[in-house]
Amino acid sequence: FGASETGVSFGRYYKSSTNNYNFVAMEDNTPGSANSYPKVGPVVISEIMYNPDWPDGGSYTNDQYEYIELRNISAGPVALYDYVTGEPWKFTDGVEFTFPADTTVTIPAGGYLLVVKMPDAFSLRYPGVPAGLIFGPYDGKLSNAGERLELSMPGDIDKAGERQYIRIDRVNYSDGSHPEDCPAGIDLWPVEADGNGMSLTRKIPADYGNDPDNWTALALSPGD
């Protein structure tokens with residue numbers, strides 16, 4: 001990306017789980033001192049259902065039940081719309097989805113919403129989730145082997161006249177079966193979320209998300 005938030009520094013964050021570094025926005029500026037903890041939030045990717053596994057004979061294919069849960073971990077409401085640029089937030093990697101171009105899409109403090117592959121399929125499977133919290137459909141599909149999923153807000157326009165985007169949260173997840181793509185040759189992502197009826201779930205929403213140590217496989221829980 002070619003955009004950055006004013007007053008936010010970037011630095012290397014060491015991940016002990018994988019023994020490598022990510023270059024990310026920092027929570028605080030610390031010139032001349034050790035880097036602070038990464039900046040997390042205000043909205044995070046909290047659950048990823050990338051490989052649903054439902055019984056045969058249904059009205060939809062497995063991938064049509066995919067969903068992504070977003071959580072607001074801040075103490076105030078967050079609009080998924082940038083008032084400066086007049087444009088909404090969107091996913092900039094993994095799937096193609098832009099939130100409605102208005103100011104009404106707001107996640108309250110501690111609240112959530114779901115971005116889904118197919119709203120009709122999702123509502124059939126999860127009738128308890130209010131329709132107002134369901135957004136979609138998105139284009140593309142989540143890779144069953146793993147990929148980078150990224151949520152961003154609008155940033156500046158570059159010299160070529162193109163809008164750049166500021167990363168809000170990124171998760172480079174895996175299905176737990178690709179050691180050749182991982183540092184030290186060990187894939188630490190939970191294999192149970194790969195087509196076994198479970199979703200990839202963030203353990204601690206306020207902790208750094210692009211780290212397999214902060215994810216586990218749990219029974220389906222959109223909105224819980």
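Strand β13 (residues 148–157) and strand β14 pair in the antiparallel sense over eight bridges; strands are DSSP runs of E of at least two residues, numbered from the N terminus, and two of them pair if DSSP finds at least two bridges between them. The model is predicted, so that local features need pLDDT of at least 70 and side-chain atom pairs count only at pLDDT 80 or more, while totals for chains, interfaces and linings use all residues. Residues are numbered from 1 along each chain as its sequence is written, and side-chain values use heavy atoms, with hydrogens and water left out.

Among the bridges to β14, Leu-149 is partnered by Val-171 and Ser-152 by Arg-167. Five residues lie between the two strands of this hairpin, in which Gly-161 adopts a positive phi near 85°. Both strands belong to an open sheet of four strands, ordered β9-β8-β13-β14 and paired in the antiparallel sense. Because β9 (97–98) and β14 (163–172) each have a single partner strand, they form the edges of the sheet, and one side of each is left without a neighbour in it.

The largest nonpolar core comprises 32 residues, and Ile-48, Leu-70 and Phe-99 have the most contacts inside it. Such a core is a set of buried Ala, Val, Leu, Ile, Met, Phe, Trp, Tyr and Cys residues joined through side-chain atoms within 4.5 Å. At least two of its residues come from each of β3 (43–49), β4 (67–72), β11 (112–116), β13, β14 and β16 (215–219). Apart from this core lies another, of 12 residues, among them Met-49, Tyr-65, Leu-114 and Phe-122. Beyond four places in sequence, the contacts of Leu-70 (heavy atoms within 4.5 Å) include Val-44, Phe-91, Phe-99, Ile-107 and Leu-151.

Arg-202 is located in strand β15 (residues 198–202) and counts as buried, at 5% relative accessibility. A polar atom of the Arg-202 side chain lies 2.8 Å from the backbone oxygen of Asp-207. Asp-207 is also one of the residues in contact with Arg-202 when neighbours within four places in sequence are left aside; the others include Val-40, Ile-45, Asp-169, Tyr-208 and Trp-215. The C-alpha atoms of Arg-202 and Glu-47 are 6.0 Å apart in space, although the two residues are 155 residues apart in sequence.

Notes: Buried means under 20% relative accessible area, exposed over 50%, partly exposed in between (1.4 Å probe, protein chains only). A polar contact is a pair of N or O atoms within 3.5 Å; within protein, one must be able to donate a hydrogen and the other to accept it, and residues adjacent in sequence count only if both atoms are side-chain atoms.
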